Structure formats: C-alpha cells, structure tokens
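Please look through the sequence and the model shown below before reading on. The paragraphs after it lead through selected parts of the structure step by step.

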Amino acid sequence: MAKVGVVGIGHTKFGNLSEFDLGDIMAYAATDALEDAGFLEKRKEIDQVIVGNMASGLFCHQSAVASSVISKMDMEPVPAELVENGPASGASAIKIGYMAVASGMADIVLVIAGEVMRKVTGWTGTEYVATMLHPQAEYDMGLTLPGFGGMFTRMYMEKYGLTERDLALLAVKNHANGAKNKYAHIQAECTIEAIADGPEANVVNTYVAEPLRMYSTCPVSDGAAALLLVNMDSPKAKLFSKKPIRIAGIASATDTHCVHNRKDPLKLDAVRIAGEKAYAMAGLTPKDISFAELHDAFSILELAISEEVGFFERGKSFLAVRKGETAIDGRLPINTSGGLKSKGHPVGATGVSQAVELVRQLRGEAEEGRQVRDPKYGMAVNFGGFGNNVVAMIFAKE
C-alpha cells in the first residue's frame, strides 16, 4: 500500500460568510491549498477531487456542490465526488481520498470540505442538524444535538464529579488558543471570572441545554478547508514545494443510531474503536501523540473523546485540564486551534479543518504563542451524529 502525504493545505476564515456562495468558499480554500503546494497552475493534473459536505441542500438550497467547485476552479474534466457523513463528512472525505491514493488508483487527490450554515436562523440550523437523528425515536420526540450534549454532560457529572466550572476552564483554554488562530471564528479570550466565578457569570454565560452553557457550545459557523494528497512513493511527489506530512493512520467506526440502544450511553464505542484502529495502522500508542484536535461541538466531548482514545483514564480528563496538562505548554496540548468551541464548526468542513491544524503544527507553521514544541505525531477525531459515525486520523512529521 502506498504511503500518503499532505503537500498542500488551505483554509478560509471561519465565521459569517453567508453573503458568499458555498462553491466560491470551497474554491477559495482549494486554491489556497494548491498555492501552498505550488501546484495551482497544474491543477488539471490532479487525478481526483473529493468534496465533503453535510447539508448544502438544506442550508443553501444547493446540491451537486462537487460539480460546482470543479467549474469555479476551471478544473474540468477532473473527476469529482461528494461525501456526506454528517459532521464527520470532512474526515470521511479525507479517508476516501487516502484510499484512492493508497490503492494506486490515484497519485494526486484534492480534498475540499465546506459548509455555509448562517444563511438560515440558528433555530432552523439546529433543526436541520437534528435531521441526522433517528426520525421516530429521537427527532420526532423533539431531541436536538445540544439536547443530547446536555444529557450526556449531566450523566458524566453525576458519575465522575465534573462541575460546570470545569467546563468553563475548557472554554478559557480553547478561547486562548483560538484568539491566536487567524482562521478562528471567535478570536477573543475569556476569563474564568467572566464566565464562571464572577457576579455576572450567569448573565454572560447563560444555559443552552442545562448544564451546558453558551461557553460550552460551539458557534454556528461558515467556512471551508482543503488538503492536497500525494502518493509519497510516486515520482509525482517531487512536483510539490512542500515536504509531505504523512497520514500514518486513518480509521472510522459506527455505533447505534439510537443512543438509547447503547449498553452504556457514556461509552463512545465508535470513538474508541476508530482510535484503536488508527493507532494500529500507525504502529503507535496514545503515549506517542504530541497533540490532538478533538471534536468539541460541546465541551464535554473534548473530555469524553480524550478518554476513549486513551489519553486519560475514564472520568479523569477534567482533572488533567485543572492541572493545565492540555494547554499549549502542557504535557498533551488539546485543541491547539481553539477547537470547535473557538475556531468554529461549519459542520461538513470540520474534519478537514482539523487535519489542516495537524499539518500546520507538524510543519511548525502555527502562530506565535500557539505552536506546539517539537511535535512528531498529531491526532484528530471527527465526531458524527452523537457518536454514531466517527473518524480518527494520525499525522506524522516525516
């Protein structure tokens, strides 16, 4: 099986881009990746384009976005396909691109993922995202993803002793990182006094889905990200201006569609299995990982995912946060980009955005104050549904 590396990365700023066409936003990120690789003028030599998107038909009343992006970039007749896997669409697109290169079917693959969510109201967007739930057992009962996040958080608190202040500490950490990330939706720090300890904290940091507050949930974001993949064993690998960052492991797993069918709702089996498979493929263990990007659409997920992939014992991750172990200068920096909490969460784009952050850190290209010291391996977990469909990725500095 061929080795697969990333030779180009591209990213738009995340935020409110609703005045722009989704295809234009994706084309911007893709152009950025091609320019990074020194391959823009040779873009018609790309063997395959894979596009990740969750719900352009709902958010933008637009489908067939892969065809749209190809035309906007003047890349005909390069083949292009669309991958949809809920909020894990981006990482799934990377996985399909990886498979195309590793199998020998393609030498150069462009992966693009994006979402424009703010063309609709927040209420409507929440309802659209909820359509991924079981139509009778969950959606028709009025459940939403924030609702699931709130219930999961309450169960975790009751079992392990997590407090709302611990969730606020996560927000402080991730906003500090996002404030230094030029792509982040929310480029502002927050203090523990303002959102937890101070007299106005309940006003500043109101409940969204109790016990989750506003600073424990991600913003609604628009944006796109892109990667250029290459067969590292091919002579074509010499065509690019950047040294490849190798995809050492990539794997996915699923869990029951209905959350209530799981033996223990606090165990995210798809995360654990995807992580184990990615480690096995890379020949690594959790102790080898230098830093991680974990899917914190709700802050509780950063904690739960970090436990499922073996970084911490079950129920102990928030103690590590208290000690500063997951800060930029800590033992295991987590969500160096600011995470979904601060960087933002254009649902279909998130997995590719996480991968872009892995590459930036491994190249040593993160902004001052946000760069991990001498990283060798980075891990990302892209979380679909409420743990229904999960993709784990491990990138390595070669």
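Predicted model: local features only at pLDDT ≥ 70, side-chain atom pairs only at ≥ 80, totals over all residues.

Residues are numbered from 1 along each chain as its sequence is written, and side-chain values use heavy atoms, with hydrogens and water left out.

We begin with the packing of helices. Helices (H or I, at least four residues) and strands (E, at least two) are DSSP runs, numbered from the N terminus. Helix α1 spans residues 22-37, and helix α3 spans residues 65-72. Their axes are 9 Å apart, and the two helices pack at an angle of about 60 degrees. An axis here is a line fitted to C-alpha atoms, for helices over the stretch in contact, and angles run from 0 to 180 degrees between N-to-C directions. The angle makes α1 oblique to α3; angles under 35 degrees count as roughly parallel, over 145 as roughly antiparallel, 65 to 115 as roughly perpendicular and the rest as oblique. The crossing of these two helices, α1 and α3, is right-handed. A crossing is right-handed if the near helix is turned clockwise from the far one by less than a right angle, and left-handed if anticlockwise.

Which residues of α1 and α3 make the contact? From α1 come Leu22, Gly23, Asp24, Met26 and Ala27, and from α3 come Val65, Ser68, Val69 and Lys72. Contact means heavy atoms within 4.5 Å. Sorted by class, the contact of α1 with α3 has five nonpolar, two polar and two charged residues. In this scheme Ala, Val, Leu, Ile, Met, Phe, Trp, Tyr, Cys and Pro count as nonpolar, Asp, Glu, Lys and Arg as charged, and the others, Gly among them, as polar.

Buried means under 20% relative accessible area, exposed means over 50%, and partly exposed lies in between (1.4 Å probe, protein chains only). Leaving aside neighbours within four places in sequence, serine 68 is in contact with Asp21, Gly23 and Gln62.

Another pair of helices is formed by α6 (residues 145-160) and α11 (residues 299-308), whose axes come within 10 Å and cross at roughly 60 degrees. Helices α6 and α11 are therefore oblique to each other, and α6 passes α11 in a left-handed crossing. On the side of α6, Gly149, Phe152, Thr153 and Tyr156 take part, and they meet Ile300, Ala304 and Glu307 in α11. The residues of the contact of α6 with α11 divide into four nonpolar, two polar and one charged.

The next topic is aromatic rings. How many aromatic pairs does a search of the whole structure find? The search finds seven. Rings of Phe, Tyr and Trp (its six-membered ring) pair if their centres lie within 6.5 Å; planes under 30 degrees apart count as stacked, over 60 as edge-to-face and the rest as tilted. Phenylalanine 39 and phenylalanine 240 form a tilted pair, with 4.7 Å from centre to centre and 45 degrees between the planes. Phenylalanine 39 lies in the loop between α1 and β2 (48-52), and phenylalanine 240 in the loop between β7 (223-231) and β8 (245-254), so the pair ties together parts that are 201 residues apart in sequence. Both phenylalanine 39 and phenylalanine 240 are buried. Elsewhere, ring pairs link Phe148, Phe152, Phe383 and Phe386 into a cluster.

The backbone also has details to inspect. The peptide bond from glutamate 76 to proline 77 is cis, with omega near 10 degrees, and proline 77 is in the loop between α3 and β3 (80-83). Aspartate 74 is also in the loop between α3 and β3; phi of aspartate 74 is near 50 degrees, a positive value in a residue other than glycine. With 40% relative accessibility, aspartate 74 counts as partly exposed.

Finally, methionine 132 is found in the loop between α5 (122-130) and α6. Its relative accessible area is 18%, so methionine 132 is buried. Apart from neighbours within four places in sequence, methionine 132 is in contact with Met54, Pro87, Leu145, His257 and Gly385. The C-alpha atoms of methionine 132 and methionine 54 are separated by 9.9 Å, and the two residues are 78 residues apart along the chain.
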